[in-house]
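Me: I am new to this structure, and I would like to learn how to read it feature by feature. Could you take me through it with care?

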Amino acid sequence: MAVRYPSVQLAADVLTALVAAIHLYIVVLEMFLWNTPRGRATFGTTPEFAAESKVLAANQGLYNGFLAAGLIFALIARGTTGFAFAVFFLICVIVAGLYGAATVSRRILVVQSVPAAIALLLVLLAR
């Protein structure tokens, strides 16, 4: 599958990498920093709640890691496989962000769904 618009593909790759990096940061926050002042400030939790929900947060972090891994694989694989992985995992990020925005905080929409939606649009336009 030839790329028709290399400059758009570059922008898609950069934004896809940014979305992957955001999710890697979320992994660190949820799996390793959840119970720290930084983690509690990021998610607006109390020390008590953070301590009680640490295992649940680590589980969420693992899922965010899978999203990042899929996006990183998309960037490495390139071609038809990379395209398919990018589309699938960007849609997953968008859906997760929409659900998070509806159930937890609207900020999740801006942090997760909007960058992923722009990346998805660019991925599709590059082809």
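Me: What should I know about the numbering and the model before I begin?

Reply: Residues are numbered from 1 along each chain as its sequence is written. This is a predicted model, in which local features need pLDDT of at least 70 and side-chain atom pairs count only at pLDDT 80 or more, while totals for chains, interfaces and linings use all residues, and side-chain values use heavy atoms, with hydrogens and water left out.

Me: How many helices and strands does the protein have?

Reply: Helices (H or I, at least four residues) and strands (E, at least two) are DSSP runs, numbered from the N terminus. Here the protein has 6 helices and 0 strands, and the order of its elements from the N terminus is α-α-α-α-α-α. The C-alpha trace spans about 55 × 25 × 20 Å along its principal axes.

Me: How is burial read, and what percentage of the residues count as buried?

Reply: A residue is called buried when its relative accessible area is under 20%, exposed when it is over 50%, and partly exposed in between (1.4 Å probe, protein chains only). By that rule, 39% of the 127 residues of the protein count as buried. Accessible areas themselves come from the Shrake-Rupley method with a 1.4 Å probe, and for residues only the protein chains shown count as cover.

Me: Which residues does leucine 15 touch?

Reply: A contact means heavy atoms within 4.5 Å. Leucine 15, which lies in helix α1, touches Pro115, Ile118, Ala119 and Leu122 when residues up to four places away in sequence are not counted. At 17% relative accessibility, leucine 15 counts as buried. For the protein as a whole, among contacts between residues at least 6 apart in sequence, 61% join residues at least 24 apart.

Me: Is threonine 42 buried or exposed?

Reply: Threonine 42 is buried, having a relative accessible area of 17%. Threonine 42 has its place in helix α2 (residues 37-43), and, leaving aside residues up to four places away in sequence, its contacts are Leu29 and Arg107.

Me: Where does asparagine 35 lie, and which residues does it touch?

Reply: Asparagine 35 is placed in the loop between α1 and α2, and it counts as partly exposed at 33% relative accessibility. Not counting residues up to four places away in sequence, asparagine 35 touches Arg40, Pro47, Ala50, Ala51 and Lys54. Asparagine 35 and threonine 81, by contrast, are 38 Å apart from C-alpha to C-alpha and 46 residues apart in sequence.

Me: How many salt bridges are there, and which side chains meet in one?

Reply: A salt bridge is a side-chain nitrogen of Lys or Arg within 4 Å of a carboxyl oxygen of Asp or Glu. By this rule the count comes to 1 salt bridge, in which the side chains of arginine 78 and aspartate 13 meet (2.9 Å, N to O). Arginine 78 lies in the loop between α4 and α5 (79-103) and aspartate 13 in helix α1 (residues 6-31), so the pair ties together parts that are 65 residues apart in sequence. Arginine 78 is partly exposed at 40% relative accessibility, whereas aspartate 13 counts as buried at 17%. Arginine 78 also has a positive phi of about 60 degrees, although it is not a glycine.

Me: What does isoleucine 72 touch?

Reply: Isoleucine 72 lies in helix α4 (residues 54-77) and touches Ala20 and Leu24, not counting residues up to four places away in sequence. The C-alpha atoms of isoleucine 72 and aspartate 13 are separated by 9.8 Å, although the two are 59 residues apart along the chain.

Me: Which residues form the nonpolar patch on the surface?

Reply: Patches are made of residues with over 30% relative accessible area and no salt bridge, where like charges are joined within 9 Å and nonpolar side chains (Val, Leu, Ile, Met, Phe, Trp, Tyr) within 5 Å. Here Leu98, Leu109, Val110, Val111, Val114 and Ile118 form such a nonpolar patch, with about 460 Å² of accessible area together. Helix α6 (residues 107-126) gives the most to the patch, with 5 residues.
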